[in-house]
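Q: Could you walk me through a structure, please? I would like to see it on the screen before we start.

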Amino acid sequence: MIDCEQLAPLYEEYALGILEGEERAELEAHMARACDRCSAGVAEARYVVSQLALLAPSVEPPPALRGKIMEAVKSSASNPVRAVVPLAKTSAPRTIFPVWAWIAAAALALATGYTIRQMGNQNTQLAELRKQMKLATLQSQALQNQLEQSRMVSSVMLSPDSTPFKLMPKDKNMPMVHAYLHPHMGVAITAEQMPSVDPAKTMQLWFVPKAGKPMSVAIFRPDSAGQIALVAPVNMPKDEIAALAITEEPAGGSPQPTSAIVWMAQVN
Amino acid sequence: MERILQRDSSALETLYDRYGRPVYSLVLRIAQHPSSAEEIVQDVFLQLWRSADRFQISRGPLEPWLFTMARNRALDFLRLRREKQRRREDSTDTEIAPSAISRPDLEGAIDKSRRAEKIRALMTSLPEPQRRAIELAFFEGLSHSEVAETMGEALGTVKSWIRGGLLRLRESLEEARS
């Protein structure tokens with residue numbers, strides 16, 4: 001087991017996307033159990049790494065690009081299907097928010113309450129108070145990111161334009177994986193009671209076309225509760241998709257499947 | 001962002017005027033192809049328009065979010081193009097819809113030009129191989145082992161370079177913000 005002190009120098013490499021193997025698995029395990037220090041450190045590291053963008057030589061974009069974007073925005077605005085459905089205005093069942101979201105909400109409420117209590121302390125404690133507030137903000141952001149993911153999943157699941165599929169396991173002892181394919185919003189994947197995945201491996205979702213090689217859609221792993229809830233972009237017209245398939249691949253994913261299909265659903 | 005949430009397209013124009021150049025510069029540096037870079041930048045700003053409510057939830061700063069999304073999409077494009085080239089041994093550029101969005105956090109309180117100056121100064125101060133290793137990882141999306149192979153260096157050396165350089169970058173930005 002690696003502690004936070006040892007993981008701290010790895011935050012930027014994780015944000016850069018190059019941390020692998022045991023170190024990556026350890027850091028993700030810390031974040032999965034809401035480790036405050038590692039979550040805050042990775043959030044900070046994402047900011048630090050993003051700033052490397054400023055090293056790119058400054059180039060003026062083509063003047064026509066601005067117009068193209070605004071034209072696309074206008075046509076997008078006329079297509080209400082692409083708008084994300086606000087969760088609060090739907091009749092979504094409560095179960096679309098997984099248990100961890102409520103637990104995290106409770107944790108956030110406690111953290112916020114603690115922070116507010118600290119604000120009543122003397123001025124000499126101001127620095128510590130600011131630190132606590134920053135931490136609470138980061139916790140809030142982490143929670144909101146999780147809620148956002150749930151919201152995206154529910155939006156796809158509830159859309160009348162989505163087509164549901166059941167990915168059947170090759171091993172009958174494994175749970176079923178549900179997929180909801182939406183032409184614009186993406187493909188939502190949900191599952192519960194999934195087995196844990198070897199830290200050196202990952203699960204990978206593929207679109208299997210009627211002709212040609214499978215196309216990678218998403219790389220993921222179940223959370224600590226064995227749940228999967230994600231939305232990945234659709235990068236292939238539905239008519240061209242013969243099947244959805246999930247394989248187990250080395251950590252980081254593979255350009256093409258390297259192992260047997262573990263879950264599959266016929267699409268066309 | 002509030003105006004974008006209210007579907008005020010002029011707000012997106014304002015954001016494009018502010019961030020279009022750095023986002024395009026980043027994407028072009030990665031994709032190395034102007035027409036592809038245009039497509040990706042268009043996609044990034046459209047994503048911002050369509051997902052404004054989701055972004056609003058996070059209340060993080062916009063600039064790192066845009067940079068991270070632009071980098072991820074450009075790298076997705078680059079990886080798919082490499083894969084296609086490997087398969088076909090063909091240098092034809094193909095427009096492929098990128099995927100994956102990640103979301104950065106935290107607030108950068110210093111202005112962009114000062115940060116850019118600070119980051120460039122720091123990178124210039126690094127030994128050339130260390131700088132190149134970080135740039136290969138960031139702009140080319142290469143893993144540790146791929147960077148080591150590209151540079152003909154030992155994996156441990158490359159890991160040490162990248163780790164050390166990024167930690168110095170962290171410290172430098174912290175100093176600039178304090």
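Q: How does the span of helix α7 of chain B agree with 1.5 Å a residue?
A: Helix α7 of chain B covers residues 128-139, which is 12 residues, and at 1.5 Å a residue it should span 16 Å. The expected span is 1.5 Å times one less than the number of residues. The end C-alpha atoms are 16 Å apart, which agrees. Helices here are DSSP runs of H or I with at least four residues, strands are runs of E with at least two, and both are numbered from the N terminus.

Q: Before going on, where do the numbers and letters come from?
A: Residues are numbered from 1 along each chain as its sequence is written, while chains are lettered from A and ligands numbered from 1 in the order in which they are written. This is a predicted model, in which local features need pLDDT of at least 70, side-chain atom pairs count only at pLDDT 80 or more, and totals for chains, interfaces and linings use all residues.

Q: Which residues of α7(B) are buried?
A: B:Ala133, B:Ile134, B:Leu136, B:Ala137, B:Phe138 and B:Phe139 are buried. A residue is buried if 20 or more other C-beta atoms lie within 10 Å of its own, exposed if 12 or fewer, and partly exposed in between, with C-beta atoms placed from the backbone.

Q: And what comes just after α7(B)?
A: There, B:Gly141 takes a positive phi of about 70°.

Q: At what angle do α7(B) and α8(B) pack?
A: The angle between α7(B) and helix α8 of chain B (residues 144-151) is about 130°, and their axes are 10 Å apart. Axes are lines fitted to C-alpha atoms, for helices over the stretch in contact, and angles run from 0 to 180 degrees between N-to-C directions. That makes α7(B) oblique to α8(B). Angles under 35 degrees count as roughly parallel, over 145 as roughly antiparallel, 65 to 115 as roughly perpendicular and the rest as oblique.

Q: Which residues make the contact?
A: From α7(B) they are B:Pro129, B:Arg132, B:Ala133, B:Leu136 and B:Ala137, and from α8(B) they are B:Val147, B:Thr150 and B:Met151. Two residues are in contact if their C-beta atoms, placed from the backbone, lie within 7 Å.

Q: What about α2(B) and α3(B), how do they cross?
A: Helix α2 (residues 9-31) and helix α3 (residues 34-50) of chain B have axes that come within 9 Å and cross at roughly 140°. They are therefore oblique to each other. Among the residues that meet are B:Tyr16 and B:Leu28 in α2(B), and B:Ile40 and B:Phe45 in α3(B).

Q: How many helices and strands does chain B have overall?
A: Chain B has nine helices and zero strands. Buried residues make up 40% of its 178 residues.

Q: Changing topic, what does chain A contain?
A: Chain A has seven helices and eight strands, and 34% of its 268 residues are buried.

Q: In what order do the strands of its sheet lie?
A: The open sheet of eight strands in chain A has the order β5-β4-β7-β8-β1-β2-β3-β6, with antiparallel pairing. Two strands pair if DSSP finds at least two bridges between them. The edge strands, each pairing on one side only, are β5 (215-220) and β6 (228-232) of chain A. From one strand to the next, the twist averages 20°.

Q: How many bridges join β4(A) to β5(A)?
A: Five bridges join strand β4 (residues 201-209) to β5(A), and the two run antiparallel. One bridge partner pair is A:Gln204 with A:Ile219 in β5(A). The two strands form a hairpin with five residues between them, and A:Gly212 in the turn has a positive phi of about 105°.
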